[in-house]
Amino acid sequence: MNTEPDPVFAAIAAADEAQREHLAALDGLDEDSDAQMRRANAAADAETKAFEQLTQVMPTTQAGLRALVERYAVEAEETERWSVGGSYLRHIARVLACESTCPFRPVERQFCEFRQELVRAIPNPVGGPS
């Protein structure tokens, strides 16, 4: 049994902290101040680097995978407001958390909805059963 903490949690925390620092550097930014602009640009670069590092970390637990999916959902919602990508990712996170009425069973690698009886075959374009 692996007792090491899932590395994805530290990577998520680092990305979140870099984002907070970037936003703090932008708060009240005087674009005519070279020092403030350098600080804001450095914070932006650090945020980008931390997020890129996050995308390279492989979760080692289901909780870590769920946290990563949630973090990506937040990112999608913040950066792609007109996209539904964030809601798709949140759905995956709910499945991973087994919030479904018919939860995902990783051992079986399928959803129980797939255990359905065949009612009738769908005809193919040539006219026979599929």
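User: What makes Asp16, Arg71 and Glu75 a network of salt bridges?

Analyst: This is a predicted model. Aspartate 16 pairs with arginine 71, with the closest N and O atoms 2.6 Å apart. Glutamate 75 meets arginine 71 at 3.1 Å, N to O. A salt bridge needs the nitrogen within 4 Å of the carboxyl oxygen, so both pairs qualify. Asp16, Arg71 and Glu75 are therefore linked in a network.

User: How do you know that the pair of aspartate 16 and arginine 71 links distant parts of the chain?

Analyst: Aspartate 16 forms its salt bridge with arginine 71. Aspartate 16 sits in helix H1 and arginine 71 in helix H3, 55 residues apart. Glutamate 75 and arginine 71, in contrast, both lie in helix H3, four residues apart, about one turn of the helix.

User: Why is arginine 71 called buried, and why is aspartate 16 called partly exposed?

Analyst: Buried means under 20% relative accessible area. Arginine 71 has 6%, so arginine 71 is buried. Aspartate 16 has 21%, so aspartate 16 counts as partly exposed.

User: Why does glutamate 75 count as buried?

Analyst: Its relative accessible area is 19%. The cut-off is under 20%, so the label is buried. Glutamate 75 touches Gln19, Phe51 and Glu80, leaving out residues up to four places away in sequence.

User: What makes glutamate 17 and arginine 20 a salt bridge?

Analyst: Their closest N and O atoms are 3.0 Å apart. The limit is 4 Å, so the pair counts. Glutamate 17 and arginine 20 are three residues apart in helix H1, so about one helical turn separates them. Glutamate 17 is partly exposed at 34%, and arginine 20 is partly exposed at 48%. By this rule the protein has five salt bridges.

User: Why is valine 8 called buried?

Analyst: Valine 8 has 0% relative accessibility, so valine 8 counts as buried. Valine 8 belongs to helix H1. Beyond its neighbours within four places in sequence, valine 8 is in contact with Leu54, Val57, Pro59, Gly64 and Leu68. Of the 130 residues of the protein, 22% count as buried.

User: Why is aspartate 34 called exposed?

Analyst: Its relative accessible area is 55%. Exposed means over 50%, so the label holds. Aspartate 34 is in helix H2.

User: What makes Asp30, Glu31, Asp32 and Asp34 a patch of negative charge?

Analyst: Asp and Glu count as negative. Like charges are joined within 9 Å, for residues with over 30% relative accessible area and no salt bridge. Asp30, Glu31, Asp32 and Asp34 gather in such a patch on the surface.

Terms used
Residues are numbered from 1 along each chain as its sequence is written. This is a predicted model: local features need pLDDT of at least 70, side-chain atom pairs count only at pLDDT 80 or more; totals for chains, interfaces and linings use all residues. Side-chain values use heavy atoms; hydrogens and water are left out. Patches are made of residues with over 30% relative accessible area and no salt bridge: like charges are joined within 9 Å, nonpolar side chains (Val, Leu, Ile, Met, Phe, Trp, Tyr) within 5 Å. Accessible areas come from the Shrake-Rupley method with a 1.4 Å probe; for residues, only the protein chains shown count as cover. A salt bridge is a side-chain nitrogen of Lys or Arg within 4 Å of a carboxyl oxygen of Asp or Glu. The place of a charge is taken as NZ of Lys, CZ of Arg, CG of Asp or CD of Glu. Helices (H or I, at least four residues) and strands (E, at least two) are DSSP runs, numbered from the N terminus. Buried means under 20% relative accessible area, exposed over 50%, partly exposed in between (1.4 Å probe, protein chains only). Contact means heavy atoms within 4.5 Å.
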